[in-house]
Amino acid sequence: MSGLLTGTWWMTQRRLSALARTPAVLVMTLVQPMIWLFLFGELFKRVVELPGFGAPSYLDYLVPGVVVMNAVSLNSFAGMATMDEIERGTMNRFLVTPVRRSAITNAGVVEQALSTAFQSLVIIALGWAAGARYPGGAGGLAVLVAASVLVGVVLAALSNTLALLLRDRNTIIGLNVMLLLPLTFLSSAFMAKGLMPAWIRHVAAFNPVSWALDAGRAAMAGDPDWGSVALHGGWLLALTVLTIALAVSSLRSYQRSQ
Amino acid sequence: MAHAIEADRLVKHYPGDVRALDGLSVTVGRGEILGLLGPNGAGKSTTVKILTTLVRPDAGTASVAGHDVLRRPGRVRRAIGVVAQQSGADPGAGGRANLVLQARLHGMGGADARRRADELLDRFGLRDAAARPVKTYSGGMRRRLDVALGLVHRPQVLFLDEPTTGLDPEARASMWAEIARLAGDDALAILLTTHYLDEADRLAGRLAIVDRGRVVAEGTPDALKGELRGDAVHLEWGEAPDEARVRAALGRLPGVRDVVLDGPRLSARADDGASAVPAVLAALDQAGAPVAAATVARPSLDDVYLRYAGRRFAQADAAPDAAPEPAAIGGAR
C-alpha cells in the first residue's frame, strides 16, 4: 500500500510539474467555456420566462451546465497525453520500474481532477462577475466542483482506455466529437427537465452529466436537497470507480499487447 | 545465481502470423557483455521486451538476476536497468529532474536520489545541462541521459537496446567509450542489441547472432571469425553473371570454397586471398565473365553473418521480411 501511495505521489508530482511548465494551456482551454457561458447566457436569456422553468435568471441556471460541459470537453482529450507517453517511450520506461501500474493511472486521475477543479472555480467566478448568484453558498459550490471533477475523471478514464487499447489519436478526437454534444444536450445542462421532450428527459435520467448537474444544482439551491445530492453523487461515484478500474486494466492489457 | 540472464526457447507470435521469436535461447553471465546481433526484425527487441517484463512470451522460460520474468516480474524490475530504443526521458523536464524521479520510482530516498543524480550527471558530462529541458539536448546527450536513467538504481543487469542508432559518429564513439567503461564493472551483466557489426565486434565479449527469431551462431567475435578459415574474397560485376559459368570456372580452382553468389556480387573464402585472386580473375576472364571489382579481406562479422544466416547483413537489414535464398555454389554446406 505504501508503495502505491509513494508511487502515485511521484508520478503525480511529475505530471503537475509538467502542467506548471505550461500554465498557458490551462488558461487557453478556458476560452471555449467562456464562449459557451456568454453566448448561451445572452441567447437564451429569456427562457426563464417560460412557465415552469423554475430559475430566477438563466445565468444562474447555466453556470453549472457550463462547468460540467467543460469538464466533459477538457477530459475527453486526456488520452492524448497518454499517447504522447506511449510514443515517446516514457510509458515503457515506467513499466520496467517497480512502480505500481495503478500508480501510473492514479497520477493521471489526480492531475485531471486538479485541473478540472481549477477550471470549474474560474468558470464559477466569472459567472459570478457576470451576475450569476449562488444561494447554496460555498457548500453548494463545493458539491458542484466535486461533481464536475467526477464527470471529468470518468471521461478521462475512458479517453485513456481508448488511447491504451487502440493507440489512435483520431479515435480520441472522435470520442470528444461524438460524446460532447449528446452528453450535454441530452442532459439538464441548458434546459430545465420539466420543459424537455419526454424522450430526452428519459435519456437524461441515465446520463452521468445529468447526475452531476442534479447533484450540483440540488446542493446549490437556497434550500439544498441533500437526498438528491447523495443519490446522484452516489451513482456518479460508482461510475467513476468503475471507469478507473477499466483504465487500470487497459494499462495491463496494453502491456500484454506490445 | 548461475547466470544473469537465462532465456530458454522463447517463442512469440504477433497478430498476422508474424513469428517474432522462434525458440530463441540465450544466456549471459555476470560481468559479461553479450551482443545480440541481427538485422531489423530479427527478434532482438522482442527478446529485450520479454526479459524486461514488458511482454509475455507465448512459450519458453526466462529468468533475469535469478528471478523468473513471468512469476516474479516485480523482482526482475528491481534488478534491471533498461535503455530502450526510444528515449523515454521526459522532454519538458531537466536531466536532473528525470534522474531524481527515476531514482524515487526505484524507492530511493530524497537525499540519496539527488546525490546519485549528480554523480551520474558528472559521469556522463551532463552537469552543465542538468537543469535544461531534455528537449534542448543533442542526440548524444539524450542518449547518455538514457543510459544514466538505466543505471540510477545500480542494477545487476543492464539492457542496451540499440544504444547508438541514430547518433552521429562522434556521439557514437563517446557512447562506445562509455559502454566499454561499464564493461569494467564486474558485477554488471549487459545485454546489448545492435545491428551494427562494428559495434558488436568492438563491445561485446560474446556474440549471439540472431536471424528470424533464433540464435544461429554464438561465441566470441574472434572465435566466430576464426571458424571461417581463410580470407574473404569479394567480387563484383556490372550485372549479374551467368551462374553456371562462374560455378564451373571457380570449381576448377583449388583452395577456393564457400562460394555464395548474390546477384552481381560474389563472396568466397580462400586460404591465402592475395595469391588466390589473380587465378580467380584469370579463370573468370577466360570463362567470359570478367570481374569489375575484387577485394580481399580478413574475415569480418559480416562474413560470419553471411555464413550462418545465409544472406548478407545489409540486405537482411534492408528487407527483413524478404528471405531470398542466395545461390550457393560448391559451398561447404
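The contact between the two chains takes 27 residues from chain B and 21 residues from chain A. Contact here means heavy atoms within 4.5 Å. This is a predicted model, in which local features need pLDDT of at least 70, side-chain atom pairs count only at pLDDT 80 or more, and totals for chains, interfaces and linings use all residues. Residues are numbered from 1 along each chain as its sequence is written, chains are lettered from A and ligands numbered from 1 in the order in which they are written, and side-chain values use heavy atoms, with hydrogens and water left out.

**The interface**

The size of an interface is often given as the accessible area lost when the parts come together. Here chain B and chain A bury about 2,200 Å² between them. Buried area is the accessible area (1.4 Å probe) that two parts lose on being put together, summed over both. Carbon and sulfur atoms give 56% of that area. B:L54, B:R77 and B:L105 supply 30% of what chain B buries against chain A, more than any other three residues.

The rule finds 1 salt bridge across the interface. A salt bridge is a side-chain nitrogen of Lys or Arg within 4 Å of a carboxyl oxygen of Asp or Glu. There are also 9 residue pairs in polar contact, with both residues at pLDDT 80 or more. A polar contact is a pair of N or O atoms within 3.5 Å; within protein, one must be able to donate a hydrogen and the other to accept it, and residues adjacent in sequence count only if both atoms are side-chain atoms.

Three atom-pair distances are listed here.

| Pair | Distance |
|---|---|
| A:R14 and B:D90, salt bridge, N to O | 3.0 Å |
| B:R77 side chain and A:L95 backbone oxygen | 3.2 Å |
| A:R167 side-chain polar atom and A:L164 backbone oxygen | 3.4 Å |

**Two arginines**

B:R77 is found in helix α2 of chain B. Helices (H or I, at least four residues) and strands (E, at least two) are DSSP runs, numbered from the N terminus. B:R77 is buried yet has no salt bridge. Buried means under 20% relative accessible area, exposed over 50%, partly exposed in between (1.4 Å probe, protein chains only). The nearest side chain of opposite charge, B:D68, is 11 Å away. Lys and Arg count as positive and Asp and Glu as negative; His and the chain ends are not counted.

A:R167 lies in the loop between α8 (137-166) and α9 (169-185) of chain A. A:R167 is partly exposed, with a relative accessible area of 34%.
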